[in-house]
Amino acid sequence: MFKRFIALEWKQFSRSSYFQKGIAIKILLAFGALYFIGMAAFMGVAAYFGLQKFMPDKDPITIVNNFVIYWFLADMVFRYFLQQLPVLNIKPYMVIPIKRSVVIHFLLGKTSISFFNFLPLFFFLPFSITLLVNGDYSILHIASWFFSMMLFTLSINYLNFLLNKNNKVFYVIASLLIAAGLLQFYGIYSVTEPAGYFFNTIYNKPYAVLIPLLLMVMLYRVNFKFIRKDFYLDGAISKETKDVHTQELTWLNRFGKIAPFLKNDVRMIMRNKRPKQVLLMSFLFLFYGLIFYTQETYQEMPAFLAFASMFVTGGFLMSFGQLVPSWDSEYYKLLMSQNIPYREYLKSKWSLMVVAVLISFILSTPYIYFGWDIFGMIAAGALFNMGLNSFITLYGGVLNRVPVELNVRAKAFSNTQGFNPTQLLIALPKIFGPILIFYIPYKLINFETGIICLAVSGVLGLVFTNFFLNQIEKVYQKQKYKTIAAFSEKK
Amino acid sequence: MISVSNLSKDYNGVTVLNIDNLDIPTGESFGLVGNNGAGKTTFFSLLLDLIQPSGGYIKNNHIIVNESEEWKPFTSSFIDESFLIGYLTAEEYFYFIGELRGQNKADVNDFLKKYEEFFNDEILQKKKYLRDLSKGNQKKAGIIAALIGNPDVVILDEPFANLDPTTQIRLKKIIKELNQHTDTTILISSHDLIHVTEVCERIVVLDKGATVKDIQTSQATLEELEAYFNR
């Protein structure tokens with residue numbers, strides 16, 4: 001029976017629309033996957049030598065053990081937001097004569113073949129091998145430690161299932177984590193120390209691999225029981241429907257003609273999983289600058305800083321904007337046959353992006369800490385985003401034409417929905433635009449001129465807003481039939 | 001109101017619709033029947049300029065639909081669920097359509113009062129998004145939304161499908177009243193011959209993209225249609 005399930009899964013995977021998109025995408029994706037795997041493997045090897053170099057008096061594995069709790073916590077958070085659970089697919093199996101337990105075992109087994117479960121493998125495995133090759137470690141200890149790490153990863157996998165499906169579990173775990181975080185922050189009690197001690201003990205006593213094994217088995221059983229009890233259409237596998245209230249959002253009426261569209265966009269973002277995910281990701285973009293501004297290497301390369309500064313405020317703009325009009329793909333026919341002026345529709349999307357840049361800019365004020373030069377760059381980057389990047393992104397969106405399922409989370413890493421080569425092409429001016437506009441005057445004159453040029457380019461874009469919107473509107477009109485056809489393709 | 005001239009639509013060399021001439025006068029309730037693949041939805045999609053004709057054109061109130069958008073203010077339609085915005089509540093959806101059609105919230109509320117019976121307490125104040133309503137209730141919301149703002153042309157693709165018997169009867173009443181008391185041109189497609197003969201003054205049968213029958217509805221129409229389809 002399992003064999004047949006696997007065959008079905010394979011068909012689902014290989015026949016899904018995004019997989020049939022052409023060889024270029026597949027190659028790109030394969031490269032992307034290889035890159036991540038390669039990075040993880042490299043980190044695994046580099047971690048050993050790096051730790052040995054910087055902390056020669058300590059055992060690398062002890063250091064890893066002391067900090068691995070952060071890895072697992074981050075893993076948990078990322079999974080909660082990004083991992084897609086294969087819940088709904090079992091509906092067709094409910095009425096055919098297969099034992100429920102088989103279906104549930106398969107469903108749970110399937111969650112273990114997730115990118116999230118493989119990524120740690122690529123770190124821990126090279127790290128363990130490097131330990132064995134270069135250090136004086138016993139195979140038994142390392143092997144049992146490695147399997148413990150894997151079992152912890154799988155435990156998180158199953159815990160995540162519960163977190164997503166059971167509010168009680170979610171609140172308990174969330175409050176535990178917050179409590180631990182607060183205790184740590186105020187220095188009342190350090191949770192990471194016993195955690196480090198715990199992981200070191202697991203390493204020192206090979207039979208301790210039984211602890212994560214038992215933990216995983218226990219979580220698996222809990223999951224099994226939870227699903228078994230609710231194996232009905234209206235149970236665990238169903239989409240939950242909460243009571244919702246009509247929101248008037250009358251405060252948006254002040255925006256006049258674009259108000260109806262703005263209201264819908266705000267509701268769209270608040271009520272669907274995919275846009276919420278985008279919102280979260282764009283919040284993370286705010287921290288992008290930390291990578292660049294803290295490293296001395298980049299201080300000598302202001303072109304990179306210009307690029308980073310654009311990213312700090314442009315997260316929402318780019319991740320949301322590249323999927324205009326795909327966000328409305330589910331009801332695009334309605335929009336096209338209704339009494340809708342295209343311009344107002346576009347302007348609403350554009351306004352939303354501009355407002356998001358402004359909010360990001362306000363939130364980025366702590367960057368003043370890195371000096372006024374940096375903050376000036378962020379301000380100029382924000383202007384560039386509002387005046388030019390917004391239009392480039394909107395223009396790219398219409399060439400995109402990929403239907404988006406609003407209330408389905410994008411799968412981490414297999415997220416080709418809403419992604420194609422046109423996106424890459426259109427990304428070029430977004431990335432190199434600010435670099436060139438800044439770098440050329442910077443090289444020729446000085447730093448301040450570079451910033452001013454970047455800012456002025458954005459202001460010019462804002463001045464010509466109407467012109468740009470008109471041009472984009474024309475492209476949208478021209479692409480209308482193609483877009484409708486693409487959006488009504490079965491997913 | 002609507003006139004079709006030499007309209008054709010091909011997909012990869014296969015003709016799916018070919019109508020030489022069809023005129024639908026203002027105020028007519030017009031029924032379109034035909035088996036699957038006969039071209040009903042294709043015709044409606046062409047009428048709404050959702051797909052491009054391979055040849056010929058449709059005029060809606062003297063406006064060629066694929067050249068100008070001027071027909072949009074007086075035309076409204078409900079073809080399928082993709083005409084609903086899933087993440088809105090029914091009220092929000094009605095207000096949104098209302099705003100597009102120049103009706104404020106109070107107008108829409110007044111309008112909705114007339115259809116309380118039709119909604120049967122299953123649409124308004126349900127605290128649910130449209131995507132979480134049943135198929136039948138989604139359809140009810142979509143049909144009524146298509147009537148907001150007194151459009152001159154209303155296009156409904158299979159409005160009776162998925163509706164419960166009581167609602168089907170109520171919908172027939174609504175369509176008949178619309179036909180008798182207003183000058184609205186109503187275009188309906190249906191697989192249910194009884195319903196369509198009951199509410200439509202004129203019925204056109206499509207087969208493989210061509211019009212094969214054009215009947216002014218009378219007592220004998222149902223029998224004629226049944227005889228035609230029983231082949």
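Mentor: Gly187(A), which follows H7(A), has a positive phi near 65°. The model is predicted: local features require pLDDT of at least 70 and side-chain atom pairs pLDDT 80 or more, while totals for chains, interfaces and linings use all residues. Residues are numbered from 1 along each chain as its sequence is written, and chains are lettered from A and ligands numbered from 1 in the order in which they are written.

Helix H7 of chain A covers residues 167-185; helices here are DSSP runs of H or I with at least four residues, numbered from the N terminus. Its 19 residues should span 27 Å at 1.5 Å a residue, and the end C-alpha atoms are 26 Å apart, which agrees; the expected span is 1.5 Å times one less than the number of residues. H7(A) is hardly covered, with a count of 0 buried residues among its 19. A residue is buried if 20 or more other C-beta atoms, placed from the backbone, lie within 10 Å of its own, exposed if 12 or fewer do, and partly exposed in between. By contrast, Glu99(B), in helix H2 (residues 90-100) of chain B, is buried because 22 other C-beta atoms lie within 10 Å.

Chain A is divided into domain 1 (2-229) and domain 2 (250-487), with bounds from an automatic or database domain assignment. The centres of these two domains of chain A, taken over C-alpha atoms, are separated by 33 Å.

A helix pair in chain A also deserves attention: H16 (residues 342-363) and H20 (residues 465-478) pack at about 120°, their axes 10 Å apart. Axes are lines fitted to C-alpha atoms over the stretch in contact, and angles run from 0 to 180 degrees between N-to-C directions. Residues in this contact include Leu346(A) and Trp350(A) of H16(A) and Leu469(A) and Ile472(A) of H20(A); contact requires C-beta atoms, placed from the backbone, within 7 Å. By class, this contact has 6 nonpolar, 1 polar and 3 charged residues, where Ala, Val, Leu, Ile, Met, Phe, Trp, Tyr, Cys and Pro are nonpolar, Asp, Glu, Lys and Arg charged, and the others, Gly among them, polar.

Between the chains, the contact takes 24 residues from chain A and 26 from chain B. On the side of chain A that touches chain B, H10(A) gives the largest share, 5 residues. That side has 10 nonpolar, 9 polar and 5 charged residues.

Key
Contact = placed C-beta atoms within 7 Å. Helix = DSSP H or I, 4+ residues; strand = E, 2+ residues; numbered from the N terminus.
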